[in-house]
Amino acid sequence: MSESSLAGRPATDGDLLDVDAALAAYADDRPDPEDPSQRVAFGTSGHRGSAFDRAFNDAHIAAMTQAVCDVRADAGLDGPLFLGRDTHALSEPAFRTAVEVFAANGVPVQVDARDRFTPTPALSHAILVHNRDHDTTADGVVITPSHNPPEDGGYKYNGPDGGPAAAAATSDIQDRANDYLRRDLDGVRRVGLDEAMGGEHVTPYDFLAAYVDDLPSVVDLDAIRSAGVSMGADPLGGAAVDYWGAIAERHDLDLEVVSEEVDPQFSFMTRDWDGRIRMDCSSAHAMTGLIALKDDYDVAFGNDTDADRHGIVTPTHGLLNPNHYLAVAIGHLLANRPDWPTSAGIGKTLVSSSMIDRVVADLGRTLVEVPVGFKWFVDGLADGSLAFGGEESAGASLLRRDGTTWTTDKDGLVLCLLAAEICAVTGRNPGEHHDDLTERFGAPAYRRIDAPATPAQKAVLKDLSPDQVDARELAGDPITATLTRAPGNDAPIGGLKVTTDHGWFAARPSGTEDVYKIYAESFRGSDHLDEIITAAQELVGTVLGD
């Protein structure tokens, strides 16, 4: 898809979110439960939408929160529910709605003690620490649309395992919530905010202190401090805004927070590839400001709005491709975590770079390749059978240094600090280490594109079987595997992946648009990558009956 001429440029006043109008739409507009676009719809990371589209309004939050209360009651969960929110304009009113419903249902809710923002990894950490140290069982909700534009809101449920809930749980919440919408919220319990906040069911929890104080258990902060690594951190106006300064102070690190501005319009952002404001820390367009400061620090980094993603900037390479950094991080960790169990695998999504496969194989470890979505790593990170789980969209988590569980949701803060650890321990930045990998294993060329597809064609693609693909060759190379289930856990991938010794492509239908996504990689250069993408479109077109 074509890049906007406005990409990387600051937004103008006329392009900024009308916050008052968004808040009014949230409070006043009612969704039509007969319109599919206005129902609750849990994707891989919860429900997201805009109040202007009647896709994220007070009724949605009330219905989803009551559904969570019902699911908790059916499961017999008797511990606290940790509740956090990010800095999007709709997150605050959604937080208030959720508190009112949870309190009315007698759910013990723990909210930020500073009445501030909660990164997704801090919420995951809180759930896991509670369940490790108490007899009662906790879960949580984080109100965030991640890196989505300022007008969007989001609501994500994390179960007792600390990670994004599995499909069975989210489908249950979704169905119950939509039933409440159809009944005009009949059955939804709710009290006023003052009554909720002043009652016995809502209590404070110091997310920041609990998380920041525990960081030495997962990253070698002593090495970073001793080496004097200079760091720049940009929270992009998100939930990490208070955390980076606290990390620097608590652990005596040479770390500067380049901006502490919080603005629900995100007026300080530069536009993303399509001209929209989007807090995507893996996008060079969105990270223009931090990239301009790359020579001021040994390593710099940014996070998206709920801090579950990372963007790494080095003086030598600028913003690193997320795939490149994941490969470097995995290699470093396997060489510098002697207490990790040797039996623990390394998890990657099937659309992440094959450089990871080569690094893991070279170090004699087990690769676990799963479908798209971080939920597939949760069980492995929880029981220690996975030492690391990462996905191509700049999200990852890992075990503590002693081999026990840290978080089971993506942790952008830790992956940023790990980049500084790499600098401290090796004296070279992650970009330089990736250069070493390309010398050893070849230089990968990677791209993702969208191609048009009708709803019927998307349904065919989602439910393919390998025997529907007759091709024996891809871009001049023999096909080594045709996959519709992930080799790491045999789960359906909702599409197709075709591999050769020198490249691969994966095709998956979009859940929201009439397109399918093609991910492709070649270790023979950009021209060969073009050939793979062309061949992929022809192959998928044949299967879809174009």
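Q: Why does Cys69 count as buried?
A: Cys69 has 6% relative accessibility, and buried means under 20% relative accessible area, with exposed over 50% and partly exposed in between (1.4 Å probe, protein chains only). Cys69 therefore counts as buried. This is a predicted model, in which local features need pLDDT of at least 70 and side-chain atom pairs count only at pLDDT 80 or more, while totals for chains, interfaces and linings use all residues. Residues are numbered from 1 along each chain as its sequence is written, and side-chain values use heavy atoms, with hydrogens and water left out.

Q: What makes the count of disulfides zero?
A: A disulfide is a pair of cysteine sulfur atoms within 2.5 Å. By this rule there are zero disulfides. For Cys281, the nearest cysteine sulfur is that of Cys416, 7.1 Å away, and Cys281 is in no disulfide.

Q: Why is Cys281 called buried?
A: Its relative accessibility is 0%, so Cys281 counts as buried.

Q: Why is the pair of Tyr26 and Phe56 called tilted?
A: Rings of Phe, Tyr and Trp (its six-membered ring) pair if their centres lie within 6.5 Å; planes under 30 degrees apart count as stacked, over 60 as edge-to-face and the rest as tilted. The centres of Tyr26 and Phe56 are 6.3 Å apart and the planes make 40°, which gives a tilted pair.

Q: Why does this pair tie together parts of the chain that are apart in sequence?
A: Tyr26 belongs to helix α1 (residues 19-28) and Phe56 to the loop between β2 (46-50) and α2 (58-75), so the parts joined are 30 residues apart in sequence. Helices (H or I, at least four residues) and strands (E, at least two) are DSSP runs, numbered from the N terminus.

Q: What makes the pair of Phe82 and Tyr205 edge-to-face?
A: The angle between the planes is 65°, at 4.9 Å centre to centre, and the pair is edge-to-face. Phe82 lies in strand β3 (residues 81-85) and Tyr205 in strand β7 (residues 202-205), so this pair links parts 123 residues apart in sequence. Ring pairs also join Phe82, Tyr205 and Phe207 into a cluster.

Q: Is Tyr205 buried or exposed?
A: Tyr205 has a relative accessible area of 18% and is therefore buried.

Q: How do you know that Arg85 sits over the ring of Phe95?
A: A charge sits over a ring if NZ of Lys or CZ of Arg is within 6 Å of the ring centre and within 35 degrees of the ring normal. The charged end of Arg85 is 3.9 Å from the centre of the Phe95 ring and sits over that ring.
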